Amino acid sequence: MEPTSSHIVRNTELLSKIDALYECAETSIRPPSFNFDLALSSLSKVIFLAPQDRKAYTMRGEIYLSLGDLSSSLSNFKRSLLLDPNDALLQKRMAAVIDVQANQYLANGEYAVASSLFTKAIELDGLCWQYYMHRSLCKIHLQKYLLAIRDIDHVLILHKFNPDTYVLRAKLRWYLGKIASGNVDFRRAHALDPNHPEVLIFEQLLWKNADQAYREASSAIMMKNFTLALRKLKAAVELNPEDVKMLILKASVHRSMKQYGQALGDLDVASRVFHRQRESVLEQREEREEEEEDQGREGRRSGGGGGGGGGGG
């Protein structure tokens, strides 16, 4: 059944009214007017006339966001997303607004509520590393340290060149008694930023403890007290299992005690640690160079994107 002329006239009239309302809304929010009330009123009329018109909900959400009304903004974004659940850009926009809202709860000490909201942001945009980091801070305040570490693991998958993240995970691992893993994170932070304040403090403590243990162990060896030397070296290696010098000295003590299997075992560990440290440094250098090259290519593409429109006469 074809539409009658009266239907066509009514549809044309409706579209004309909607266009006029949109124009009024768009004009109202521009300088010098900034008449947000009129804009919101116009968009509400659009929604009354065309409830399935998602553009009106999206515009209304943006206006509420500019006014600082996060709840109303999210409500309108949700209505718009219901009409097109595959709008990836709007999902990212909503996630960013929820993140702002969640940070307000985090600042007020409402960590459980904040954590729940950060989870919603992650569900909408799981590739934004900041949301995982923010949720990890909530988990730390809630004393859920393993969950905090899990979130930080996600952060380092998405954004692996931030020394602060490694330092935070190192502290959590130390707190949970995972000294060796914490030390590895501090060394990764050092590879990224040797002058990071907390990395420098860590290095000073490590060198101080290592130097003291080395001197005490060496003194015990000179006195042929290999049992005491071994005890000192075991404590030092437990604190820093990546210290090649300590591992070699421990191997020599085992040799002096005629514990040849354990001596060779320490030498094997020292060799593996040395090669692993070397490979780790080379890999991080290569990854950093690759990221810098990618950023350079992106910069060249964005910088050269506006030059092709010239010619035709």
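Q: Is His-196 buried or exposed, and at what relative accessible area?
A: The model is predicted, with local features needing pLDDT of at least 70 and side-chain atom pairs pLDDT 80 or more, while totals for chains, interfaces and linings use all residues. Numbering runs from 1 along each chain as its sequence is written, and side-chain values use heavy atoms, without hydrogens and water. Buried means under 20% relative accessible area, exposed over 50% and partly exposed in between, with a 1.4 Å probe and protein chains only. His-196 is buried, and its relative accessible area is 7%.

Q: Which residues does His-196 touch, leaving out those up to four places away in sequence?
A: His-196 sits in the loop between α10 and α11, where helices (H or I, at least four residues) and strands (E, at least two) are DSSP runs numbered from the N terminus. Contact means heavy atoms within 4.5 Å. With residues up to four places away not counted, His-196 touches Pro-163, Asp-164 and Val-167.

Q: How are α9 and α10 oriented to each other?
A: Axes are lines fitted to C-alpha atoms, for helices over the stretch in contact, and angles run from 0 to 180 degrees between N-to-C directions. The axes of α9 (residues 163-175) and α10 (residues 179-192) come within 8 Å and cross at roughly 165°. Angles under 35 degrees count as roughly parallel, over 145 as roughly antiparallel, 65 to 115 as roughly perpendicular and the rest as oblique. The two helices α9 and α10 are therefore roughly antiparallel.

Q: How do the residues of the contact of α9 with α10 divide by type?
A: From α9, residues including Pro-163, Tyr-166 and Trp-174 meet α10 residues, among them Phe-186 and Leu-192. Ala, Val, Leu, Ile, Met, Phe, Trp, Tyr, Cys and Pro count as nonpolar, Asp, Glu, Lys and Arg as charged, and the others, Gly among them, as polar. The residues of the contact of α9 with α10 divide into 9 nonpolar, 3 polar and 4 charged.

Q: Which residues in α10 are buried?
A: Helix α10 has 14 residues and reaches 20 Å from first C-alpha to last, close to the 20 Å expected at 1.5 Å a residue, the expected span being 1.5 Å times one less than the number of residues. The buried residues in α10 are Gly-182, Asn-183, Asp-185, Phe-186, Ala-189 and Leu-192.

Q: How are α11 and α13 oriented to each other?
A: Helix α11 (residues 197-222) packs on α13 (residues 244-256) at an angle of about 15°, with the axes 11 Å apart. Residues of α11 including Tyr-214 and Ile-221 meet α13 residues, among them Met-246 and Leu-249. From the angle, α11 and α13 are therefore roughly parallel.

Q: Which peptide bond is cis, and near what omega?
A: In general, most peptide bonds are trans. Pro-32 is in the loop between α1 (5-28) and α2 (36-49). The cis bond runs from Pro-31 to Pro-32, with omega near 5°.

Q: Near what value is phi of Lys-258?
A: Lys-258 is in the loop between α13 and α14 (260-303). Lys-258 counts as exposed, at 61% relative accessibility. Its phi is positive in a residue other than glycine, near 60°.
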